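Here are a few notes to read alongside the model. Have the sequence and the 3D view open as you go through them.

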Amino acid sequence: MSSNPNKASSLLAITILVAAFSISISAQTTGAANSLTRKPDSIRPTRETAVEKEYVPPARPADLTAGPGEQPKVSPSEVSDSVQPHPDTRMAHGPAAKARGETGSATSPQVAPTDTWQFQLTPYLWIPTISGRAGIGNLVTDTSASIGNGGVELNFGFMGTFEARQNKFIILTDLQYSDIATEKGNPGPLFSSSRASFKTFVFDPELGYRILDNGKGATLDVLGGLRYWHLNADLAFSAGVLPAVEVTRSRSWIDGVVGLRGRAALSQRWFVTGKADLGGGGSKFTYQLFGGIGVNVGKRLALVGGYRDLNVNYDKDGFLFDMSLHGPILGFGLKF
């Protein structure tokens, strides 16, 4: 009877020892496996820090909508040398910067354009009609003739204007020289015919200022200057009741003149122009009227045609020249 309980107790003890051994082995295996898969705390931060240092995130675009008091939040790790602005580059932020006219790029100082002189030379041909009275001493003749009807001979003539302009300041000269002769039959009961020959030199230096320029081709200039006259008159009377007689005399004088000159564009090519002045001093009175139409042939050449009337009344010391020279005029202007 006693041997069986001992055997049972031995078997129970052996069973308990085997179970405990199995549990111990299982626990050790699980701990070893965990120790192989888990990283040590001393190694993990070092490797994560290395990865963070090697990784450089892309640069965030500048927030141009931020106000003057708002700065974009950028972490130190997001800043890259490749996107840092140059010290000379100014960046605009917010409406205040826009109001000041700042831009996101470097600006350079504006250089004001310098005013340059512009020049124009305009030779022209003037075919005048002579109307008025001329006299030397007691010999006086009336003239009213034109080249068209054969009563006027244009022996020689040179005419032209020159203009220099800088911005609104204008220098204008008009020079003309002509050798004109007129012949008239039956000048009166004392002579059978008369012939008057005039060599005229007229020089107009003027200064002007542009008082109107609408930027669309309409301009208006005010002008003032001098009109210098040098006149050589030769009067010849054919024999009638009195014998033939011929007299020659020269005279020079200066008149002060003021006037206006205007121009208006009709299209990109066509325009109208005009000039008017009046004055006196050496003569009793003088005036000039001109009106014409022109066309721009190119950037530097224009053709102008019109009508001109130049009038002067000089009567001093037995020399009379009360004349109006009027007629068509044709010229071309060359800019350079």
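**Notes on the cavity and the chain**

1. Start with β12, which gives three residues to the lining of the largest cavity, the largest share. Keep in mind that you're looking at a predicted model.

2. Which strands each supply at least two residues of that lining? They are β5 (169-188), β6 (191-213) and β12 (319-335).

3. If you want to find the spot in the viewer, pick out the residues that line the largest cavity: Ile-130, Ser-178, Ile-180, Phe-198, Thr-200, Phe-321, Met-323 and Leu-325. Sorted by class, six of the lining residues are nonpolar and two are polar, with no charged ones.

4. How much space is in there? The volume of the largest cavity is about 50 Å³. With a cut-off of 30 Å³ or more, the count is one cavity.

5. Now zoom out to the protein chain. Its secondary structure consists of 12 strands and three helices. Take the contacts between residues at least 6 apart in sequence: 59% of them join residues at least 24 apart.

6. Last, a look at burial and surface. The protein chain has 336 residues, and 29% of them are buried; buried here means under 20% relative accessible area. The chain exposes about 21,400 Å², and 61% of that area is supplied by carbon and sulfur atoms.

Definitions and conventions
Residues numbered from 1 in each chain as written. Predicted model: local features only at pLDDT ≥ 70, side-chain atom pairs only at ≥ 80, totals over all residues. Heavy atoms only, no water. 1 Å grid on protein atoms, 1.4 Å probe; cavity = no way out; pocket = protein on both sides within 12 Å on 5 of 7 lines; lining within 4 Å. Points joined across faces, edges and corners; volume = space filled by probe spheres on them. Helix = DSSP H or I, 4+ residues; strand = E, 2+ residues; numbered from the N terminus. Nonpolar A, V, L, I, M, F, W, Y, C, P; charged D, E, K, R; others polar. Buried < 20%, exposed > 50% of the residue type's maximum accessible area, 1.4 Å probe, protein only. Contact = heavy atoms within 4.5 Å. Areas by Shrake-Rupley, 256 points an atom, 1.4 Å probe, with all protein chains shown as cover.
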